[in-house]
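Hi everyone, thanks for making time for this. I'd like to walk you through one model today, so please have the picture ready while I talk.

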Amino acid sequence: MSRSTGASQRALRPVAPGDRGRLHVAIIMDGNGRWAKRRGLPRAFGHREGVAALRRTVEAAPDFGIERLTVFGFSTENWRRPPPEVSELMSLMKAYFHSDLGRLARGGVRIRILGRREGLEPEILKIVEEAERRTASNDRFHLQVAFNYGGRADIVDAARAFAQQVADGRAAPDDLDEALFERGLSTAPASAPDLIIRTSGERRLSNFLLWECAYSELVFQDVLWPDYGPEALKAAVADFHGRERRFGGAVVDDVLATG
Ligand code: IPE
Ligand code: IPE
Ligand code: MG
């Protein structure tokens with residue numbers, strides 16, 4: 001096995017279905033707007049209920065063997081939404097950490113914010129930095145919030161970081177392998193998600209974890225995000241445990257059968 005393949009597989013640390021612990025689950029929390037529309041309410045109401053769903057989901061996650069939860073809160077493309085909606089989403093990010101940071105920190109949750117910091121207002125930056133600093137020594141559970149995050153932007157940033165190392169004479173082009181490249185991603189050094197869930201019935205990734213999703217299992221659920229909670233999460237994890245992950249290899253039983 002080549003050096004790069006071995007290092008990369010170690011970095012991925014995949015969890016096999018049936019292994020009930022240490023799961024990394026990522027969620028594209030989608031459907032807030034439709035939830036509100038169905039009730040004849042402004043979209044902002046859906047986003048507010050979405051925060052309650054996030055709270056329920058974070059609380060329930062450890063019960064299902066999840067040790068790391070990565071949620072998509074705001075994409076690099078979400079700036080295209082009308083300014084009042086963008087502003088509402090920014091306010092909710094602040095409100096979530098204002099109300100929940102103390103409890104999360106005391107509960108042993110380590111928080112990381114993924115994505116570009118440039119472009120975020122100073123008040124959000126302050127909250128993000130405080131959340132990461134206050135929880136830096138926790139490791140009971142990991143909550144990663146992708147905010148102003150785009151998979152392509154993250155890959156470009158990692159490429160830029162490596163190009164800078166070459167320009168500074170700290171690396172040569174041939175040094176680049178998957179493991180080294182991954183170190184420049186905002187998800188580093190965390191494992192890749194074992195399972196990516198998208199709610200609301202949409203079946204696409206919308207620029208989420210493009211590098212990391214290579215061998216993630218995908219589960220699409222019809223539930224709108226504000227209605228999400230322990231039951232839906234349990235169903236998604238059960239679906240994951242019924243899958244067979246092969247990572248390009250062959251099924252062990254079939255190899256034995258065919259010699
Ligand atoms: C997800 O819900 C929240 C964010 C993208 C920030 P949406 O706002 O995308 O809801 P729909 O997809 O319009 O229903
Ligand atoms: C993805 O959902 C982003 C988040 C959940 C934060 P979108 O609702 O923005 O994605 P599209 O536009 O339907 O692809
Ligand atoms: Mg959406």
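So, who gives most to the shell around ligand 1? That's α2, with the largest share, 3 residues. Keep in mind, as we go, that this is a predicted model.

Let's stay with ligand 1 for a bit. There are 13 residues around ligand 1, and the ones that come nearest are Asp 30, Gly 33, Arg 34, Arg 43 and Arg 81. If you sort the shell by class, you get 2 nonpolar, 6 polar and 5 charged residues.

Now zoom in on the oxygen atoms of this ligand. A polar side-chain atom of Arg 81 is 2.7 Å from one of the oxygens of ligand 1. Arg 43 also has a polar side-chain atom by an oxygen of ligand 1, this time at 2.9 Å. With Asn 32, look at the backbone: an N or O atom there lies 3.1 Å from a ligand 1 oxygen. How much of ligand 1 does the protein bury? On its own the ligand exposes 380 Å², and 86% of that gets buried by the protein.

And where does ligand 1 sit? The space taken by ligand 1 is the largest pocket. If you want to find the shell on your screen, α2 (32-38), α3 (43-60) and α4 (83-106) are the elements that give two or more residues to the shell around ligand 1.

Okay, on to ligand 2. The residues around ligand 2 include Ile 28, Met 29, Phe 72, Phe 74 and Asn 78. Asp 30 and Arg 81, which you've already met, are also among the residues around ligand 2. Which element gives the largest share of this shell? Here it's strand β2, residues 66-75, with 3 residues. By class, the shell around ligand 2 divides into 4 nonpolar, 3 polar and 4 charged residues.

Ser 206 has a polar side-chain atom 2.6 Å from an oxygen atom of ligand 2. For Arg 81, a polar side-chain atom is 3.2 Å from a ligand 2 oxygen. So Arg 81 is one to click on: a polar atom of its side chain lies 2.7 Å from an oxygen of ligand 1, and one lies 3.2 Å from an oxygen of ligand 2, by the definition of a polar contact as N or O atoms within 3.5 Å. Then there's Arg 198, with a side-chain N or O atom 3.3 Å from an oxygen of ligand 2. As for cover, ligand 2 has 390 Å² of accessible area by itself, and the protein covers 77% of that.

Let's step back to the pocket. The largest pocket holds about 690 Å³ of space. Its lining has 30 residues, and Met 29, Asn 32, Phe 72, Gly 73 and Asn 78 lie nearest the centre. The lining divides into 14 nonpolar, 9 polar and 7 charged residues. At least two lining residues come from each of α2, α3, β2, α4 and β4 (141-149).

The peptide bond from Ala 188 to Pro 189 is cis, with omega near 0 degrees. You'll find Pro 189 in the loop between α7 (178-182) and β5 (195-198). Then there's Ser 200, in the loop between β5 and β6 (217-220). Ser 200 isn't a glycine, yet it has a positive phi of about 85 degrees.

Technical notes: Residues are numbered from 1 along each chain as its sequence is written. Chains are lettered from A and ligands numbered from 1 in the order in which they are written. This is a predicted model: local features need pLDDT of at least 70, side-chain atom pairs count only at pLDDT 80 or more; totals for chains, interfaces and linings use all residues. Side-chain values use heavy atoms; hydrogens and water are left out. A residue is near a molecule or strand if one of its heavy atoms lies within 4 Å of it. A polar contact is a pair of N or O atoms within 3.5 Å; within protein, one must be able to donate a hydrogen and the other to accept it, and residues adjacent in sequence count only if both atoms are side-chain atoms. Accessible areas come from the Shrake-Rupley method with a 1.4 Å probe; for residues, only the protein chains shown count as cover. On a 1 Å grid over the protein atoms alone, a cavity is a set of points where a 1.4 Å probe fits but cannot get out, and a pocket is an open set with protein on both sides within 12 Å along at least five of seven lines; lining residues have an atom within 4 Å of a point. A molecule sits in a cavity or pocket if more than half of its atoms lie within 2 Å of its grid points. Helices (H or I, at least four residues) and strands (E, at least two) are DSSP runs, numbered from the N terminus. Ala, Val, Leu, Ile, Met, Phe, Trp, Tyr, Cys and Pro count as nonpolar, Asp, Glu, Lys and Arg as charged, and the others, Gly among them, as polar. Grid points are joined across faces, edges and corners, and a volume is the space filled by probe spheres set on the points.
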